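Work through the exercises below with the sequence and the model side by side, and try each task before reading its solution.

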Amino acid sequence: MYGFFVLVTWLPYYLETERGITGTQISTIASLMPWFAIPGSLIFSWVSDKIGRRKPVLLIMLPLSLVAILAVPMSESMPVLIGALILYGIVGKISTNPVLVAVVADNSPRHALGTSFGVYNCIGMLGSVFAPTLTGFLSDKTGSMDSGFYFAAILICIGIVASLFIKESNNNNEEAKA
């Protein structure tokens with residue numbers, strides 16, 4: 001979530017100040033991520049349902065998200081930067097969200113689904129609060145907005161490790177085949 005909100009809140013400013021891009025180019029480049037999230041979320045959520053498992057899908061998406069978020073500050077060419085934003089759109093937060101919602105649904109007591117989704121949403125929204133503020137703070141302290149992307153990469157690494165601990169029952173596999 002943090003990386004997504006860094007991109008949503010800071011990307012246009014980042015493109016202008018760190019990359020020297022102006023005008024219409026900024027809006028075109030900044031819109032690539034959500035455009036490519038549409039097929040990404042549909043495809044990966046379908047695959048997750050088709051195989052009846054969430055963990056393997058997340059363990060593909062999250063490392064690719066890590067590569068994409070790191071490529072934004074590390075890229076030295078516009079095509080690589082654009083490719084990174086497209087990749088993040090395909091496998092990033094918007095696309096992982098349906099799979100993560102399914103993880104919550106699969107692992108929550110049926111009598112507490114509303115509470116479970118509420119907690120999931122609350123934790124996720126913390127990213128929307130902290131990403132703009134913390135990225136601005138890091139940018140002020142380091143003199144570069146790149147630090148916000150690197151911090152997002154650290155959080156994605158934590159997400160990858162956390163995904164390794166997802167417990168999946170065979171019930172999901174049986175339901176997927178039915």
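A disulfide is taken here as a pair of cysteine sulfur atoms within 2.5 Å. The model is predicted, so that local features need pLDDT of at least 70 and side-chain atom pairs count only at pLDDT 80 or more, while totals for chains, interfaces and linings use all residues. Residues are numbered from 1 along each chain as its sequence is written, and side-chain values use heavy atoms, with hydrogens and water left out.

**Exercise 1.** Determine how many disulfides the structure holds, and classify Cys122 and Cys157 by accessibility.

*Solution.* By the sulfur criterion, the structure holds zero disulfides. For accessibility, buried means under 20% relative accessible area, exposed means over 50%, and partly exposed lies in between (1.4 Å probe, protein chains only). Cys122 has a relative accessible area of 46% and is therefore partly exposed; Cys157, at 36%, is partly exposed.

**Exercise 2.** Check whether the span of α6 agrees with its number of residues, and find which of its residues are buried.

*Solution.* Helices are DSSP runs (H or I, at least four residues), numbered from the N terminus. The expected span of a helix is 1.5 Å times one less than its number of residues. Next, the buried residues of α6 are Lys93, Ser95, Thr96, Val99, Ala102, Val103 and Val104. With contact meaning heavy atoms within 4.5 Å, the elements that cover these buried residues include α1, α3, α4, α5 and α7.

**Exercise 3.** Repeat the analysis for α5.

*Solution.* The 14 residues of α5 should span 20 Å, and its end C-alpha atoms are 20 Å apart, which agrees. Its buried residues are Leu81, Ala84, Leu85, Tyr88, Gly89 and Val91, and their cover includes α1, α2, α3, α4 and α6.

How values were computed: Helix = DSSP H or I, 4+ residues; strand = E, 2+ residues; numbered from the N terminus.
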